Amino acid sequence: MATVKKVLPRRLVGLATLRAVSTSSVGTFPKQVKIVEVGPRDGLQNEKNIVPTPVKIKLIDMLSEAGLPVVEATSFVSPKWVPQMADHAEVLKGIQKFPGVNYPVLTPNFKGFQAAVTKKLYSMGCYEISLGDTIGVGTPGAMKDMLSAVLQEVPVTALAVHCHDTYGQALANTLTALQMGVSVMDSSVAGLGGCPYAQGASGNLATEDLVYMLAGLGIHTGVNLQKLLEAGAFICQALNRRTNSKVAQATCKL
Ligand SMILES: [Zn+2]
């Protein structure tokens, strides 16, 4: 029993030390993070019911209004394969093009984390390669190993990460990438999305949760959290579903 009493104060001292360490490591994070909002494409393309085009357009406009610098608007895939994206031309025509906002229609999508593949894409002229854990099984240790390998081949400025939250690891994995200098992160408003090939796969990392964490770390994103929450509430209502964002759940007044 006496040992327990002795151990306890030591542990508290340990915590204080840890806190000091974490404050200094914050200084090594990127000063600014670019969030790539993938909800309208990656999120909605996994919806079974066809989302009306005006709903997609309004969502994209609300996300732009919230200050997201990049909003993945749609995908030029065959409607035979992804019927949800059949209205890509109408969506692109209908959205307000906010100055300074990019609306990419497709990102390279490849399976696995092979450094060789990443190097090939980079040498082919991809200015930004989004490393995707689309089934969300990775953990921070795996993220660290993968990034260490990839960083041998391509500069960190060419990388983005794309994490799904199937096993609840998305925010931790994204933080690991941030600690390694990655400053472009994919996320999806309200945590929309899932993977039709991964059983029980939940959505992407919720943009609201990412913005909240980055704000807490003092990292600039340019995103207005309140407006983002409104965009999330809008799409959840339109889809008649509950948000996957913890921040949205915590701040919901209802
Ligand atoms: Zn995804």
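1. The zinc site is irregular, with angles of 68 to 129° among its 4 donor atoms. The zinc ion is coordinated by Asp42 (OD), His162 (NE2), His164 (NE2) and Asn204 (OD1) at 1.8 to 2.7 Å. Donors here are N, O and S atoms within 2.8 Å of the metal (3.2 Å for Na, K and Ca); water is not among the atoms, so the site may look incomplete.

2. This is a predicted model, in which local features need pLDDT of at least 70 and side-chain atom pairs count only at pLDDT 80 or more, while totals for chains, interfaces and linings use all residues. Residues are numbered from 1 along each chain as its sequence is written, and side-chain values use heavy atoms, without hydrogens and water.

3. The donor spacing is D-x119-H-x1-H-x39-N. His164, in the loop between S4 and H7, and Asn204, in the loop between S5 and H8, are 40 residues apart and link distant parts of the chain. Helices (H or I, at least four residues) and strands (E, at least two) are DSSP runs, numbered from the N terminus. Both His164 and Asn204 are buried, that is, under 20% relative accessible area with a 1.4 Å probe, protein chains only.

4. Thr221 lies in the loop between H8 and helix H9 (225–239). Thr221 counts as buried because its relative accessibility is 13%. Leaving aside residues up to four places away in sequence, Thr221 touches Val33, Ile35, Gly67, Val211 and Leu214, contact meaning heavy atoms within 4.5 Å.

Methods
Tetrahedral: all angles 85-135°; square planar, octahedral: opposite > 155°, others 65-115°. Buried < 20%, exposed > 50% of the residue type's maximum accessible area, 1.4 Å probe, protein only.
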